[in-house]
Amino acid sequence: MTNYDVLVIRRRAEVLGEYPVGATGLELGRVAGCDLVLPASLGVDRAWFLRPCRGSLVGFPVSQPGRLREVPVPYGVSVPLGNGMHFVRESRTREEPHTEGLDPGGIQGNSERYVVWVGDGPDARRLRLEQAPARVGSATHNELVLADRSVSGEHCRFEPTSAGLFVRDLNSRNGTWVDGLQVQRARVSDGTRIAVGRTTLRVQRVDRSGGSGDGHGAGETVLGPVFVSPAMVTVSGWMDRYARLSWPLLLLGESGTGKEVVAREIHRRGQKAQQPGLQQGSGRGVQAPFVAVNAGGMPATLIESELFGHEKGAFTGAAQARRGVFEQADGGTLFLDEIGELPMDLQSRLLRVLETWQVRRVGSEVDRTVRVKLVCATHRDLRRLVAEGKFRQDLYYRLARLVLTLPPLRERPEEIEPLVSRFLQDAQEEVGRKRAEENVLTLLKGHTWPGNVRELRNVVWLAAARSAGPCLGEAETRDAMAMLSGKHVGVEGRDDPVYLRAVLERHDGNMSAAARSLGMARTTLRDRLREGNRR
């Protein structure tokens, strides 16, 4: 036996009908486009959107101007619709399983959260979608107001439900278009583009820590990129376009900005575009390979074999044939990091591959055709290397058919908080559950981060390992920042009286606490401070 909820529609004492409420929610009113359209002759003057939430049912009077408010709908309570009309929530029982009833977890049980973006770059705006529906239009009472004359006063509405996020057209003049198709109500997901008038909205999925994309485990495994700042939202838009193209892509940016993470995300989006049913870890479709190799991290004698492979006996130690990374990535994506470090003779071979898409193993006389999405990355100025004769000009123009520059972390401080949450979550198995409070986040946001995201991750992990309580300690975080920036690494830095006095000040003169944060005995700290005072 299964219980499920229905809305009983009444006009005074007369029952007009019963309608089940599914996990996707239900809108009832007299306007065309509602899930349940009540005849205009009944004189209904209110429209409601209802959906499961936290194991119960909540409603939003969507026909009223002003901010949408949540109204609990308990069993047996009459909710007026106007002109003697009302509805009542009641429970029913059926023998067979009923999957369209209330989700026990409701919206709170769904880990997906969404942000709607409008515009690009510094002018980009975002609308965070929480539990309440959110209206979009040119009228000032909407949650997202658009200065677009082709947009209706109330153009469309986003509806978060336990079954996902939906967008509903509100009888707009020009319609609501989802990925090029006009819709009345449609489910949307990460990356969906919605056209309203002359304005394009983009949906971005974020997890509870504020990040986006897929995680891949713990330790050194890769987290998906975070798109919170306007600069990275613009990057994400270009990624959508570039992922659908087979051309080589050149990623530029300082070390630690997350070029490999972006390359993996481009690979994921490209595969999703080619196989819409393919999701990370779903087991559906064919998982195309993603192969990453650092061109600057290999001995010069092994780079050629690593890239192109070798035949058995091609050189001393070649006991068996081996595929190179181009063959390993066939049908998928090859990420070549630090491409600016590639020796000149191998640049010529790489150029030939880009011209013919054929590779020849070391010691072989046979060419093998490969189909690869090539993504190269560097933190160096390739144009200057070309001018200095250290990088082939023809290869540069082959690689730079598509170019994407990642901004440094100091230009996107909005992403500090979600990144910190992600790193703490990643380290939870090792150091326990911890959180960063506002004073620590303020400290981290004020740093210039020359090592970018990689430096931030290491600071967070080190501070988490040194913090005893459930929160990142401010002193431990300061110490981690200093240690990893090289300001007091080793014995020399720990002997620096200026630094030791600064640590003592941060602990309000508490010698024992300062010594613990430095990882030394209290007497050692006292003696070093005394020696410093004698200098």
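## A predicted chain: surface, sheet and core

The chain exposes about 25,500 Å², and carbon and sulfur atoms supply 48% of it; accessible areas come from the Shrake-Rupley method with a 1.4 Å probe, and for residues only the protein chains shown count as cover. This is a predicted model: local features need pLDDT of at least 70, side-chain atom pairs count only at pLDDT 80 or more, and totals for chains, interfaces and linings use all residues. Residues are numbered from 1 along each chain as its sequence is written, and side-chain values use heavy atoms, leaving out hydrogens and water.

The chain has 16 helices and 29 strands. These are DSSP runs numbered from the N terminus: helices are H or I with at least four residues, strands E with at least two. Of the 535 residues, 50% are buried, meaning under 20% relative accessible area (1.4 Å probe, protein chains only).

An open sheet has 5 strands in the order β4-β3-β5-β6-β7, with mixed pairing. Two strands pair if DSSP finds at least two bridges between them. β4 and β7 stand at the edges, each with a single partner strand, so one side of each has no neighbour in the sheet.

| Strand | Residues |
|---|---|
| β4 | 36–37 |
| β5 | 48–53 |
| β6 | 56–61 |
| β7 | 71–72 |

β5 and β6 run antiparallel, joined by 6 bridges. Arg51 has Val58 in β6 as its bridge partner.

The largest nonpolar core has 33 residues. Such a core is a set of buried Ala, Val, Leu, Ile, Met, Phe, Trp, Tyr and Cys residues joined through side-chain atoms within 4.5 Å. Leu334 is among the residues that touch the most other members. α5 gives the most to this core, with 5 residues.
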